[in-house]
Amino acid sequence: MDTFDLCNKQFSIDQATIVSCFYVIEKSKHRLVDYVMWMINFFKIKTKKIIFTDQHTYDRLFKQILDPNTDFYIYEINDFKMSKWMIEFEWLNQHNKDPEALIHSKELYKIWNEKTEMIYKAIQSNRHKSKYFIWCDVGCFRNENMEKYNSWPSIKKLKKSNDNIILLNINSFTKEELNHNDIVNFEQVDRIGGGIFGGSINACLKWHTEYYKMFQNLRENGFFIGKDQSIMANIYIDQLRKNNKMIDLIKIPNGYKGNKWFYLQDYLL
C-alpha cells in the first residue's frame, strides 16, 4: 500500500491541522517584535497546529509556551529538503538573481520552498488524524480581534474545494500568461499568495508532487526559484494547460477592505 492510499484509509476525521513555521534568521521581512505580536494572535486559534522551527528559535521563543493545541517540531534548516537538493553556491546564485535581494536571504528562500514539504511531513505523522491540512504563515493574523477565528479554518469551506488545493489569486493572470506554452517569468509580478494554502490530504499530496516537479523544471531552465509564489503561479498555468482540475483558485471579491494577501483568513471562516 503506497503512502497516498495509507493516508486516505487511516485518516478520515473531518478536522483540520494548521501547519506553520518560524525561524529566527539574519534577514527577515519584518522585525522580530512584530512577528511575536502576530504569533500571539495566531496562538489564539484553537485548531490543532504544528509549527516547525529550529532548536535555537524554540529555546528563545517557544520553550515556555504550554498550548495543548500546538505541537513544535524541531527541523533544522540544514536538514531541509531544500538544503539537500541544492548546495549553498546555488542558493547564493538565486540571491544574485533576486530583484528584492536587499530584503531577502537564501535562508528565506529555503523556508518558502520548504512549506510544501512541511505539510507533507505533518501529513505523514498526522497525530490528530485530520483530513485537511492548511499552511498558514505565523504572521498572517494581524488584527487583534481574533474571536471569530477561534475555530478557523471552516471545515465546511474546506469541503467545498473537494480534493483541490486552495490557492489565493492576488492579481489576475493576463491572457498572455494563461496562453503561454512554457514557463512564465513571474519575478516582477504577483499572482498567487503563498501565506495560506492547503486542502484535503489528497490535494496536499498531489500538490507536493507538482510543486517540486515545477521547482526542478524552473531550476533546470535557469529561472529564479527563491519565491514560492512564482512556482505556484506556474503550476496553475501548467495544470490549466493540461486541463487538470487540481487547484481551487480563490479570487478576492470587489470591495474587500482587508489586506488582500490575507483574504483566505476570511474566505475560510
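**Pockets, a cavity and a helix crossing**

The structure holds 1 cavity of 30 Å³ or more. This is a predicted model, in which local features need pLDDT of at least 70, side-chain atom pairs count only at pLDDT 80 or more, and totals for chains, interfaces and linings use all residues. Residues are numbered from 1 along each chain as its sequence is written, and side-chain values use heavy atoms, with hydrogens and water left out.

On a 1 Å grid over the protein atoms alone, a cavity is a set of points where a 1.4 Å probe fits but cannot get out. A pocket is an open set with protein on both sides within 12 Å along at least five of seven lines. Lining residues have an atom within 4 Å of a point. Grid points are joined across faces, edges and corners, and a volume is the space filled by probe spheres set on the points.

Val 184, Asn 185, Phe 186, Glu 187, Leu 218, Phe 223, Phe 224, Ser 230 and Asn 234 form its lining. By class, that lining has 5 nonpolar, 3 polar and 1 charged residues. Here Ala, Val, Leu, Ile, Met, Phe, Trp, Tyr, Cys and Pro count as nonpolar, Asp, Glu, Lys and Arg as charged, and the others, Gly among them, as polar.

Now the pockets. The largest pocket has a volume of about 700 Å³. Its lining has 30 residues, and Lys 29, Tyr 35, Trp 112, Lys 115 and Asp 137 lie nearest the centre. By class, the lining has 13 nonpolar, 9 polar and 8 charged residues. Which element supplies the largest share of this lining? Helix H6 does, with 4 residues. H6, strand S6 (192-200) and helix H10 (228-241) each give at least two residues to the lining. Helices (H or I, at least four residues) and strands (E, at least two) are DSSP runs, numbered from the N terminus.

The second largest pocket holds about 160 Å³. Among its lining residues are Cys 140, Phe 141, Arg 142 and Asn 143. Tyr 256, Gly 258, Asn 259 and Phe 262 are also included. Its lining splits into 5 nonpolar, 4 polar and 3 charged residues.

H6 also takes part in a helix pair. Two packed helices are described by the angle between their axes and the distance between the axes. The axes of H5 (residues 88-97) and H6 (residues 106-125) come within 9 Å and cross at roughly 100 degrees. Axes are lines fitted to C-alpha atoms, for helices over the stretch in contact, and angles run from 0 to 180 degrees between N-to-C directions. H5 and H6 are therefore roughly perpendicular to each other. Angles under 35 degrees count as roughly parallel, over 145 as roughly antiparallel, 65 to 115 as roughly perpendicular and the rest as oblique. On the H5 side, Glu 88, Trp 91, Leu 92, Gln 94 and His 95 make the contact. On the H6 side, Lys 106, Tyr 109, Lys 110 and Asn 113 meet them. Contact means heavy atoms within 4.5 Å. The contact of H5 with H6 has 3 nonpolar, 3 polar and 3 charged residues.

Ser 105 sits in the loop between H5 and H6. Is Ser 105 buried or exposed? Ser 105 is buried, with a relative accessible area of 8%. Buried means under 20% relative accessible area, exposed over 50%, and partly exposed in between (1.4 Å probe, protein chains only). Ser 105 and Ser 151 are 46 residues apart along the chain, and their C-alpha atoms are separated by 34 Å.

The loop between H6 and strand S4 (130-136) holds Asn 126. Asn 126 has a positive phi of about 35 degrees, although it is not a glycine. Asn 126 counts as buried at 3% relative accessibility. Lys 129 is found in the loop between H6 and S4 too. Its phi is also positive, about 55 degrees, and Lys 129 is not a glycine. Lys 129 is partly exposed, at 41% relative accessible area.

Further along, a cis peptide bond joins Trp 152 and Pro 153, with omega about 0 degrees. Pro 153 lies in the loop between S4 and helix H7 (155-160).

Return to S6 for Gly 193. Gly 193 counts as buried at 2% relative accessibility. Gly 193 touches Leu 168, Ile 170, Met 232 and Trp 261, not counting residues up to four places away in sequence.
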